[in-house]
Amino acid sequence: MFCLPWFRILRRNLSLSFWVARMRLSKAFVPTLKETPSDAAIPSHQLMLRAGLMRQLTAGVYAYLPLGYKAMLKAMQIIREEMDAIGGQEFHLPALNPEALWMQTGRRNVPNFILSVKERDLVLAPTHEEVIAWIGANHIQSYKDLPQIWYQIQTKFRNEPRPRSGVLRGRQFIMKDSYSLDRTWEELDKSYDAHAEAYRNIFSRCGLKFFVVGASSGAMGGTGSQEFMIESPFGEDTVALCDHCGYAANVEVATSAVPSVGRSAESAMPKEIHTPNVKTIDELASFLKTDHRQLAKSRVYLHDGNPVLVLMMGNDQVNESKLIAAVGGGEVFAAGEEKLVELTGADAGSIGPIGFKGRIIADNRLKDSNNLVSGANKNDFHIINIDLKRDAKVENYFDLRQVEDKEPCASCGKEIRVAHAIELGHIFKLGTKYSEALNMRFLDEQGQSHPVVMGSYGIGVERIVACHIEQSHDENGIAWGKALAPYACHLITVNMNSKEAVLHANQIYQK
RNA sequence: CGGGGCGUGGCUCAGCCUGGUUAGAGCGCUUGGUUCGGGACCAAGAGGUCGCGUGUUCGAAUCACGCCGCCCCGACCA
């Protein structure tokens with residue numbers, strides 16, 4: 001019989017490729033695996049190994065085999081076409097960078113970021129803002145030189161503490177990164193919007209079911225950013241989605257329409273009460289037979305070493321991304337047990353705003369509320385009837401809470417969903433952080449010097465392929481869409497004993 | 001970096017607890033034969049520093065210690 005080889009896992013979806021590559025399967029290097037390698041935990045990782053797309057060399061580093069590289073090349077070609085369509089110019093920047101360049105922007109010592117070379121003062125570039133700004137600083141002189149969109153598709157290196165999920169988080173990966181250089185923030189908006197549109201086109205053409213979320217710009221600096229995501233239980237990001245109105249945001253910035261506590265007419269006088277063995281908000285609620293809305297939880301953080309007390313309603317969780325934004329950037333750590341006693345005189349569970357020495361900020365939900373219960377900064381004691389306007393020196397109110405599943409949507413009021421997602425691309429309005437650090441400036445019409453306004457935009461090439469597989473596979477293997485399929489067409493001669501059939505098949509093959 | 005797990009032919013794993021013949025199985029691979037329209041069968045083979053090192057012992061894949069590597073959870077994630 002004609003024995004079907006086991007690589008049926010590669011099967012399906014025949015169509016013509018944009019490039020004419022032919023290969024006889026008998027000569028192709030496609031090492032398939034019958035069993036799932038024990039190291040692979042998620043479908044895309046398992047199938048990329050089993051289908052012979054790639055092999056792992058070491059943690060977070062993969063060798064792409066011909067079949068896998070073909071799929072990646074197809075994704076790269078789509079990216080290239082769409083980047084060119086918005087006026088992007090392709091570069092190939094060096095992966096080896098002088099360490100000194102990264103010292104200038106202060107990013108050399110960002111934790112878990114840069115991999116370096118032992119023998120020289122060189123580092124492996126994790127991204128290319130610095131090199132772009134270096135080129136721009138040397139060659140952009142006049143407003144007439146702007147705007148520019150510069151991009152490349154290049155291997156990046158990062159000192160990932162824990163690579164995982166196959167190709168989704170590696171130490172070495174291929175990324176399309178682009179950078180817009182503009183004169184003004186308004187023009188940056190245009191470059192940014194052009195990228196957003198290009199990204200939509202790219203992911204659509206790749207056949208991905210994706211969505212866009214508002215995101216935090218985090219330590220990159222800048223004023224705005226969006227992420228392009230696919231929903232997946234294996235994603236490392238958490239997003240809030242509204243299936244009714246389309247609201248979508250990373251939980252780092254997501255809001256919901258939870259009601260605030262408000263203020264009652266009478267503000268009773270504060271009183272210390274004995275609350276033995278009451279450590280949690282739930283215990284406090286049942287001890288006092290009240291609901292969470294009257295309880296103000298205190299969390300103490302150290303912001304660049306200075307204590308900040310954060311008041312939250314009931315069991316609302318502090319969202320540290322929002323907290324960082326609220327306190328004006330920098331680093332934030334939750335204070336440890338010993339530090340809590342040192343700062344407040346009490347353990348976690350009995351800490352409160354009254355008598356706290358340091359900044360106090362509170363979540364919007366508690367704005368101007370009264371008759372609240374919080375810790376007394378004395379173990380086993382709480383204070384009731386706290387009026388935040390009268391009794392506590394709350395410096396300011398911010399949105400500090402983490403949204404939860406099933407809360408009402410901030411824009412339509414219906415139920416939101418909190419889900420995991422994989423980030424495919426991220427676009428940032430960077431601003432002038434890097435252009436100032438590296439002195440990339442231009443002269444305007446009046447001869448005034450200004451820093452170039454930058455945007456930065458990334459796409460993970462491997463993630464496109466892996467996400468496609470996550471979204472398109474079954475028990476038989478990968479169901480390739482035609483956009484990324486390594487080969488468009490699989491020509492099978494059913495009866496190799498028929499000279500006529502073989503001849504015919506070969507004729508078709510030659511075409 | 002904290003917690004957990006694992007490391008035995010290309011892949012998946014057994015053996016280890018209760019040290020003792022030439023270290024096993026399935027899949028894959030090679031050769032020969034059979035089969036021949038839906039993931040073949042029979043037979044014979046090749047292939048292993050049992051992650052590395054030190055130690056305990058007459059004797060270590062098996063026990064102890066150290067190291068390395070990989071995976072998962074967490075922290076982190078520009």
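Helices (H or I, at least four residues) and strands (E, at least two) are DSSP runs, numbered from the N terminus. This is a predicted model in which local features need pLDDT of at least 70, side-chain atom pairs count only at pLDDT 80 or more, and totals for chains, interfaces and linings use all residues. Residues are numbered from 1 along each chain as its sequence is written, chains are lettered from A and ligands numbered from 1 in the order in which they are written, and side-chain values use heavy atoms, with hydrogens and water left out.

**View 1. Helix α2, end to end.** Helix α2 covers residues 66-85. After α2 comes G87, with a positive phi near 90°.

**View 2**

**View 3. Strand β8 and its partners.** Of the 11 residues of β8, 10 are buried, so β8 is largely enclosed by the rest of the structure. Strands pair if DSSP finds at least two bridges between them. β7 and β8 run antiparallel, joined by 10 bridges; K156 has F173 in β8 as its bridge partner. β8 also pairs with β24 in the antiparallel sense, over 8 bridges, and D177 has G458 in β24 as its bridge partner.

Terms used. The expected span of a helix is 1.5 Å times one less than its number of residues. Buried means under 20% relative accessible area, exposed over 50%, partly exposed in between (1.4 Å probe, protein chains only).
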